[in-house]
Amino acid sequence: MGWRFMAPLLVLLVAIVGYPLVYSLYLSLTNRSIVRQDTSFVGLDQYQSLIHNSDYGAAMRNTIVFVLFAVALELVIGLALALALQKQRRARDVTRALLLTPMFVTPIAVGLMFRFLLNQQLGAIPQILSQLGITIDFFGPSLALPTIIAIDVWQWTPFMVLLLLAGLESLPRQPFEAARVDGASTWMTFRRITLPLLKPVIAIAVLLRGLDAFKVFEYVFATTNGGPGNATETIQLMIYRTGFGFFRLGEAAAMAFVLVAVVLVGVTLLYRGMMHQKGAT
Amino acid sequence: MRITRRGFVVLMLLVVAFPYAWVVLASFKGPEALNDPSTLTFTPTLDNWRGVIDGGVLDSALTSVIVGVVTVAIAVVFGTLGAYAISRFGTGGPGTRFGILLSELMPPAVLVVPLFLVAFNLNLRDTVIAIIASHLTFVLPVVTWFMIGFFDAVPKEFEDQAMVDGYGRFGAFRRVVLPQVLPGIGAAAIFAFVLSWNDLFYALILAGGNTATLPVKIASYNTFRGVELGTMCAAILVSVVPVLIACFFVQRRLVRGISGGGLKY
């Protein structure tokens, strides 16, 4: 019965996701390149050479650091903001609308906006800081990655706020009233009631945001293009350059599949944890 | 407590608003004023706006709208039907929900190489069709996933009753269940449109030429020849302003729509 409703979706998904996925897997086992005529099957050679590719290792490390720090910061700030907004009464709709806007802005625009806002010569922020006697090179070797993390936090904390606020507003009221009657402090109420009840929503929010953060591309593309050195090189950017800058499609495909493997392991662990908790409650 | 809370919200509002304010100012600045970033006193000029309109930014905006609308329309039709099957009949077993989630998290880097080659072979490079197909790869799973949650929230008794009253299975779906999830479809469609509107990666690789979408166009102002800062700021605003206006009107619905079912797993 259900298959009649399901069939169109399934056919479309196989065509646009399934087929490219299999094709990509095949490509990763060849030395396919646009600039060369002959393509031969090379087995796992592409994967083997990735192990010894230190640039790829650096890009993977940068990507993982980026995802961990960005998502953690977004969760903490987002939760604080969602709690504050939930209690807010005055100018409620305007405040919410304005605070949610960054997630709707094209990421490339956000990247370019911050590139010039933080630029040493043209940027407003370094200029204001230098009047205070502080000189910071936001895109220098040690700060470039934190800067890009901060850009991500600016854009995507609103997404956390949106999900957490929706979660907070659909929580049952009784436990909170009971806590108030019992004279529990604000902190206690938060630790013992809000947080446990909100856990499923937090898990979903972290999952969605984390998966998306792995795809980071625009900010780096707009600001540092991977530099200085390879301090901000991320996987997605490296694949873009390998595949469409140097046209080594087979190698790019292999890089992508290693990323898939890393993401899959992470997601499976998180999903297991979520299901486990769901079973426990 | 209350003071801290208000202070925090106000601070966050400033952090959000500051970059916007700077971009708006920069889009009206001449070359000289742009070299002095913090100045607030300058003679406003419309040169940047003229430049960006002459540069074809409106064509790119139109391309982005066409891509977004077609992508969302296809995703809503296919995704809603599929989600109904998964929610009501458990079609494909419990793994299906996870499978849908999985296809959403495929990094674009995995799919883009084959999509590029297929588009190349079918002579579809630099066309709207190629971009729509690539955007469906991430929009379709998101819409489906949202809709599964919304259908889960509709009590089964509704359609049982409708079928007792003489509707067929599809009639019950169309007349009774679908109206229940309409707000959800709205929320999912808006979310999906924004995803498509914002994509740079696929659009850049599959159609960087004549059919540049708005993000590709904006990126093109950031060249090696040096940056046309004022024009770029105007172009950024062309992409931001419509979305911000839309966001203002849908924000409430979005919060409600998501708490209505999109968060279930």
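**Helix packing and its setting**

Modeller: In chain B, helices H5 and H7 cross in a left-handed manner; a crossing is left-handed if the near helix is turned anticlockwise from the far one by less than a right angle, and right-handed if clockwise. Helices (H or I, at least four residues) and strands (E, at least two) are DSSP runs, numbered from the N terminus. The model is a predicted one, in which local features need pLDDT of at least 70 and side-chain atom pairs count only at pLDDT 80 or more, while totals for chains, interfaces and linings use all residues. Residues are numbered from 1 along each chain as its sequence is written, and chains are lettered from A and ligands numbered from 1 in the order in which they are written.

H5(B) covers residues 95-104, and its axis comes within 8 Å of that of H7(B), with a crossing angle of roughly 145°. Axes are lines fitted to C-alpha atoms, for helices over the stretch in contact, and angles run from 0 to 180 degrees between N-to-C directions. From H5(B), the residues in contact are Arg97(B), Ile100(B), Leu101(B), Ser103(B) and Glu104(B); from H7(B), they are Phe138(B), Pro141(B), Val142(B), Thr144(B), Trp145(B) and Ile148(B). Two residues are in contact if their C-beta atoms, placed from the backbone, lie within 7 Å. By class, this contact of H5(B) with H7(B) has 7 nonpolar, 2 polar and 2 charged residues. Here Ala, Val, Leu, Ile, Met, Phe, Trp, Tyr, Cys and Pro count as nonpolar, Asp, Glu, Lys and Arg as charged, and the others, Gly among them, as polar.

H7(B), residues 128-152, also packs with H9(B), residues 169-198: their axes come within 9 Å and cross at roughly 160°. The two helices are therefore roughly antiparallel to each other; angles under 35 degrees count as roughly parallel, over 145 as roughly antiparallel, 65 to 115 as roughly perpendicular and the rest as oblique. The crossing of H7(B) and H9(B) is right-handed. Among the residues that make this contact are Phe138(B), Val142(B), Val143(B) and Phe146(B) of H7(B), together with Gly184(B), Ala188(B), Phe191(B) and Ala192(B) of H9(B). The contact of H7(B) with H9(B) divides into 13 nonpolar, 3 polar and no charged residues.

A further partner is H4(B), residues 57-89, whose axis comes within 6 Å of that of H7(B) and crosses at roughly 40°. This crossing is right-handed. The residues of the contact of H4(B) with H7(B) comprise 21 nonpolar, 8 polar and 2 charged.

Read from the N terminus, the elements of chain B run α-α-α-α-α-α-α-α-α-α-α-β-β-α. Its C-alpha atoms fill a box of roughly 75 × 60 × 30 Å along the principal axes. Chain B has 265 residues, of which 48% count as buried; a residue is buried if 20 or more other C-beta atoms lie within 10 Å of its own, exposed if 12 or fewer, and partly exposed in between, with C-beta atoms placed from the backbone. Among contacts in chain B between residues at least 6 apart in sequence, 77% join residues at least 24 apart.

Not counting residues up to four places away in sequence, Val161(A) touches Gly78(A), Leu81(A), Ala82(A), Leu85(A), Leu99(A) and Leu100(A).

The neighbouring chain also deserves a description. Chain A has 12 helices and 0 strands, and 43% of its 281 residues count as buried. The contact between the chains takes 69 residues from chain B and 78 residues from chain A. On the side of chain B, the largest share, 15 residues, comes from helix H12(B), residues 229-262. That side has 53 nonpolar, 13 polar and 3 charged residues.
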